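Me: Could you help me read through a protein model that I have just opened? I'd like to go through it piece by piece.

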Amino acid sequence: MHFKSHKKFSIMNKKIASALISVFHKDGLGPIVEKLHQEGVVIYSTGGTETFIQSLGIPVVPVEDVTSYPSILGGRVKTLHPKVFGGILNRGDHQGDQEQLKEFDIPQIDLVIVDLYPFEKTVASGASEQDIIEKIDIGGISLIRAAAKNYKDVLCVSNMEDYEEVLNLLNEKNGETSLEDRKRFAAKSFDVSSHYDSAIFNYFNNDQDIASLKLSVRDSKSLRYGENPHQKGSFYGDFEALFDQLHGKELSYNNLLDVDAAVQLMEEFKNDDPTFAILKHNNACGLATRDTIAQAYVDALAGDPVSAFGGVLIANKKIDMATATEVNQLFCEVVIAPSYEAEALELLKSKKNRIILVKKETSMDQKQVRTCLNGYLVQDKDHITDSAADLNPVTDKKATEAEIEDMIFASKLCKHTKSNTIVLAKNKQLCASGTGQTSRVDALNQAIHKAQSFNFDLNGAVMASDAFFPFPDCVEIADNAGITAVIQPGGSIKDQLSIDYCNENKMAMVMTGTRHFKH
């Protein structure tokens, strides 16, 4: 069979005369195929896409007729042929390329519409390794790279999400594309191909140890601004996979940071009795566990009713009307809960800009990544939660059951508070915390001063520290404030100094062996 190759030139506007279409997802493809047919475009296709186009009553040339070679190896090899890639990669302004098209009877291809096997979805589904391997696309990724590389002459469409834009383009320009159009779609195509390859590498490297960081997130959202109004900001990730937003304005950069801190903290309490937390600038200013979620909120607010203004609120249980009535008296940016009673939700919606989120039951990434100098720091998340079994009593006086419960409560919060930090708690309520101080003594003094300013009685309270005490000064200050039990990781060469002070002053101290720095 002889195929006519129409000569093309790398000009700004180019009429599409031929197209190769081979896709996994066919939703939304029909109108494009019909428009191409109206414009007299010759369509080449293969497999299921060929059958789909035929079902529309539109003529289509099988790729096998071009290559004179059938689909082989169970469909693994269909389009990998010089007559296909020659039609895509030839340069319209290169005389030698055009002469070779004629010599080898290679059809010109101006438009390539190809997508990829759903590799990531297959992995996420828990499919077998063999099924996952079969979803590694070979022909499709090769076609995308070839067409995008030759964007001066070829329009490459690699994502079904772009079908509407392509159809509008064809309608507006009567089947023509500009160089600017083609370059934009080429960039989109390399975005698709690079993301796909990163996903495959990360799958294979899951049980290997290749020291290479591949980050690729295609879901993105522009934010009003970054941390400050003069900074641009974007969020990369699938927010909707974690939350349903029921009400309120768009989340800001700072909102998202606080929401992240709130969710990470509440993960520690998700299986506990009703617990409510209030956060500000990534740190909890209120936290309490009670018999009801309403009382938990009231007591969390009591921890610092001043800082709570404009904060982020999170509950580990359904928010009922009693809780919503209390919350509605506070100006807050965000409310997060696993669910809401209908009337409670309506009340919370009475504030137009208040962001109301439902936290879904999903797993979160177990790695943390942050920029550092001219690179990145990567670490495992701090997945250790101190429990009663981890406590090593090191003093003569042993903690009571109530003190142990309070120390575990305080330790969970300490883990999610900026270092250096000291957390003071009593009866499963945050009394105060010292956050982000350069000195542990300063953190303790800050916490004591804050607790006293809100009229907390620290007699019988407990103290949690994110790291060891190099000197006995902190336990002495705590003792003078009325604190009776201390939880800390230990590990200082001078641990005994703090132990001796506690023994001399009838304080209980436990060590966990696990430091919880957070920077």
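Me: Which residue does the side chain of E39 meet in a salt bridge?
Reply: This is a predicted model, and in it the side chain of E39 meets that of K15 in a salt bridge, with 2.8 Å from N to O. E39 lies in the loop between α1 (30-38) and β3 (42-45), while K15 is in strand β1 (residues 13-15), so the pair ties together parts that are 24 residues apart in sequence.

Me: And how exposed is E39? What about K15?
Reply: E39 counts as partly exposed, at 23% relative accessibility, and K15 also counts as partly exposed, with a value of 38%.

Me: How many salt bridges does a search of the whole structure find?
Reply: Such a search finds 22 salt bridges. Some residues are linked in a network of them, namely D162, E165, K173, D181, R184 and K188.

Me: Where do R184 and D181 lie?
Reply: Both lie in helix α10 (residues 179-204), where they are three residues apart, which is about one turn of the helix.

Me: Is D181 buried or exposed?
Reply: D181 counts as buried, because its relative accessibility is 6% and the cut-off for buried is under 20%.

Me: Changing topic, what is the strand order in the open sheet of six strands?
Reply: The order is β10-β15-β14-β13-β11-β12, and the pairing is mixed. At the edges stand β10 (243-247) and β12 (283-289), each with a single partner strand, so one side of each is left without a neighbour in the sheet. Direction ignored, neighbouring strands of this sheet are turned by 20° against each other on average.

Me: How do β11 and β13 run, and how many bridges join them?
Reply: Strand β11 (residues 275-280) and strand β13 (residues 311-315) run antiparallel, and four bridges join them. To follow one of these pairings by eye, you can look for L279, whose bridge partner in β13 is V312.

Me: Which strands does helix α12 touch?
Reply: Helix α12 (residues 253-267) packs on the sheet and touches β10, β11, β12, β13, β14 (332-337) and β15 (355-359), and its direction makes about 150° with that of β11. Helix α13 (residues 293-302) packs on the sheet as well, touching β11, β12 and β13, with a direction that makes about 35° with that of β11.

Me: OK, now the hairpin: how many residues sit between β16 and β17?
Reply: There are two residues between them, and L373 in the turn has a positive phi of about 50°. Strand β16 (residues 367-372) pairs with β17 in the antiparallel sense over six bridges, and within that pairing V369 has V378 in β17 as its bridge partner.

Me: Which salt bridge does D380 form?
Reply: The side chain of D380 meets that of K367 in a salt bridge of 2.6 Å, N to O. D380 lies in strand β17 and K367 in strand β16, so this pair ties together parts that are 13 residues apart in sequence. D380 is partly exposed, with a relative accessible area of 46%, and K367, at 45%, counts as partly exposed too.

Me: Last one: which residues form the nonpolar patch on the surface?
Reply: The patch is formed by L213, L215, V369, Y376 and V378, with about 470 Å² of accessible area together. Y376 has its place in strand β17 (residues 375-380), and this residue is exposed, because its relative accessible area of 53% is over the 50% cut-off.

How values were computed
Residues are numbered from 1 along each chain as its sequence is written. This is a predicted model: local features need pLDDT of at least 70, side-chain atom pairs count only at pLDDT 80 or more; totals for chains, interfaces and linings use all residues. Side-chain values use heavy atoms; hydrogens and water are left out. Two strands pair if DSSP finds at least two bridges between them. Axes are lines fitted to C-alpha atoms, for helices over the stretch in contact, and angles run from 0 to 180 degrees between N-to-C directions. Contact means heavy atoms within 4.5 Å. Patches are made of residues with over 30% relative accessible area and no salt bridge: like charges are joined within 9 Å, nonpolar side chains (Val, Leu, Ile, Met, Phe, Trp, Tyr) within 5 Å. Accessible areas come from the Shrake-Rupley method with a 1.4 Å probe; for residues, only the protein chains shown count as cover. A salt bridge is a side-chain nitrogen of Lys or Arg within 4 Å of a carboxyl oxygen of Asp or Glu. Buried means under 20% relative accessible area, exposed over 50%, partly exposed in between (1.4 Å probe, protein chains only).
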